[in-house]
Amino acid sequence: MLRPDPAQRPQLIEIRDNLTDRIVEAECEGRLGEIEGLKVSLAAADAELAQLDAQSARVQRAIDLGMPSFRDIAARSTEP
């Protein structure tokens with residue numbers, strides 16, 4: 001699966017909003033076949049946005065690996 005570019009998030013939001021508007025319009029005009037196709041596209045856009053959100057959450061979260069810092073190691077070497 002390809003990773004979406006975080007810089008394209010505003011465009012994805014615009015696409016999602018446009019698809020939502022087009023679904024409402026198609027429902028009002030009774031174009032049932034078009035609605036199904038638009039819903040598939042909307043689900044794909046939502047999935048890409050969710051993937052971007054998950055990706056940014058992983059990047060922003062620091063993980064403590066329990067590795068000593070250089071200062072910790074240096075302090076241990078000077079202890080008697």
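Leaving aside neighbours within four places in sequence, I23 is in contact (heavy atoms within 4.5 Å) with I35, L38, K39 and L42. This is a predicted model, in which local features need pLDDT of at least 70 and side-chain atom pairs count only at pLDDT 80 or more, while totals for chains, interfaces and linings use all residues. Residues are numbered from 1 along each chain as its sequence is written, and side-chain values use heavy atoms, with hydrogens and water left out.

**Fold**
- The protein has 3 helices and 0 strands, where helices (H or I, at least four residues) and strands (E, at least two) are DSSP runs numbered from the N terminus.
- Among contacts with a separation of 6 or more, 57% join residues 24 or more positions apart.

- Buried residues make up 16% of the 80 residues in the protein, buried meaning under 20% relative accessible area, exposed over 50% and partly exposed in between (1.4 Å probe, protein chains only).

**Surface**
- The protein exposes about 6600 Å², of which carbon and sulfur atoms supply 56%, with accessible areas taken from the Shrake-Rupley method with a 1.4 Å probe.
- I63, which lies in the loop between α2 and α3 (70–77), counts as exposed because its relative accessibility is 65%.
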